[in-house]
Amino acid sequence: MKNGRTLLKPTIIVALALVFAFSIDGYAQTEAEIFTAKNALYVEFGGNSGRYAINYSRIIHQKEKLKLNVSAGFSMWSDKIDLPPLTKTKWLPVVPLEFSAFWGKSNHHLEMGTGITSYLGRSLAIDSETFEFSDKVVFGAFIPLRVGYRYQKSEGGFFFRIGYTPIINIPVRAGKSWSFDPYFAGISFGKSF
């Protein structure tokens with residue numbers, strides 16, 4: 001038992017030293033930096049738009065480690081139908097809007113947010129009497145959620161974020177229902193200024 005006690009004392013001392021060292025490091029930078037570069041322009045692949053988008057964002061509030069951010073983007077999706085005589089491609093607009101909060105003292109942040117993405121899509125219908133196809137442009141929307149990492153310097157420069165972005169489909173048309181799609185992620189690159 002004596003050997004167990006002598007081995008236990010150095011273990012406790014090392015553990016206390018590590019806890020003390022990390023607590024000193026944690027208090028070394030007590031104030032979070034104020035972000036002077038509140039704007040960002042970036043391209044996102046996946047994420048809120050589902051495919052890609054060019055986005056502009058702005059920090060609208062900051063207090064200590066917490067920053068609140070809004071962003072808006074734009075994208076064009078191609079939608080090809082290959083059913084003669086309707087063989088054609090249409091380019092349709094997508095507008096992702098997002099509100100997010102990010103938390104951190106330096107350049108590295110935890111980011112969480114949500115938004116709404118509206119888009120135009122295509123709907124094929126068949127007339128039951130004439131058996132003719134009709135090609136309609138229809139409105140659609142989904143709610144993206146975000147949990148991820150954000151790299152942004154307070155004075156501006158290179159901007160990067162990556163996140164898990166599952167979506168909730170909104171039933172805006174007849175015959176549609178609410179659904180959850182957990183298999184989305186996004187990555188963004190750009191510049192803050």
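**View 1. Tyrosine 151 is a buried residue of this predicted model.** At 17% relative accessibility, tyrosine 151 falls under the 20% limit, so the residue counts as buried. Phenylalanine 158 has 46% relative accessibility and counts as partly exposed.

**View 2. Phenylalanine 35 and phenylalanine 102 form one of the aromatic pairs.** How many aromatic pairs does a search of the whole structure find? The search finds seven. Phenylalanine 35 lies in the loop between α1 (2-28) and β1, while phenylalanine 102 lies in strand β4. The pair therefore ties together parts that are 67 residues apart in sequence. Tyrosine 151 and phenylalanine 158 form another aromatic pair. That pair is tilted, with 6.3 Å from centre to centre and 45° between the planes.

**View 3. Two arginines lie over aromatic rings.** The charged end of arginine 150 sits over the ring of phenylalanine 102, 4.1 Å from the ring centre. Arginine 51 lies over the face of tryptophan 77, at 4.1 Å from the ring centre. Trp77 also belongs to an aromatic cluster with Tyr119 and Phe142.

**View 4. Glutamate 44 makes a salt bridge with arginine 146.** Glutamate 44 lies in strand β1 (residues 39-46) and arginine 146 in strand β6. The bridge therefore ties together parts that are 102 residues apart in sequence. Both glutamate 44 and arginine 146 are buried.

**View 5. Arginine 161 makes salt bridges with glutamate 44 and with glutamate 98.** The side chains of arginine 161 and glutamate 44 meet at 3.7 Å, N to O. Arginine 161 lies in strand β7 (residues 157-164) and glutamate 44 in strand β1, so this pair ties together parts that are 117 residues apart in sequence. Arginine 161 counts as buried, at 0% relative accessibility. Glutamate 44 is buried as well, with a relative accessible area of 1%. For glutamate 98 and arginine 161, the closest N and O atoms are 3.1 Å apart. Glutamate 98 lies in strand β4 (residues 88-103) and arginine 161 in strand β7, so this bridge ties together parts that are 63 residues apart in sequence. Both glutamate 98 and arginine 161 are buried.

**View 6. Salt bridges link several residues in a network.** Which residues are linked in the network? They are Glu44, Glu98, Glu111, Arg146, Arg150 and Arg161. The count of salt bridges comes to six.

**View 7. The largest pocket has a volume of about 290 Å³.** The lining of this pocket has 19 residues. Closest to the pocket centre are Tyr119, Gly140, Asn169, Arg173 and Lys176. Which strands each supply at least two residues of the lining? They are β3 (66-81), β5 (108-126), β6 (133-152) and β8 (167-170). The largest share, four residues, comes from β5. By type, the lining divides into nine nonpolar, five polar and five charged residues.

Conventions. Residues are numbered from 1 along each chain as its sequence is written. This is a predicted model: local features need pLDDT of at least 70, side-chain atom pairs count only at pLDDT 80 or more; totals for chains, interfaces and linings use all residues. Side-chain values use heavy atoms; hydrogens and water are left out. On a 1 Å grid over the protein atoms alone, a cavity is a set of points where a 1.4 Å probe fits but cannot get out, and a pocket is an open set with protein on both sides within 12 Å along at least five of seven lines; lining residues have an atom within 4 Å of a point. Grid points are joined across faces, edges and corners, and a volume is the space filled by probe spheres set on the points. Ala, Val, Leu, Ile, Met, Phe, Trp, Tyr, Cys and Pro count as nonpolar, Asp, Glu, Lys and Arg as charged, and the others, Gly among them, as polar. A salt bridge is a side-chain nitrogen of Lys or Arg within 4 Å of a carboxyl oxygen of Asp or Glu. Buried means under 20% relative accessible area, exposed over 50%, partly exposed in between (1.4 Å probe, protein chains only). Rings of Phe, Tyr and Trp (its six-membered ring) pair if their centres lie within 6.5 Å; planes under 30 degrees apart count as stacked, over 60 as edge-to-face and the rest as tilted. A charge sits over a ring if NZ of Lys or CZ of Arg is within 6 Å of the ring centre and within 35 degrees of the ring normal.
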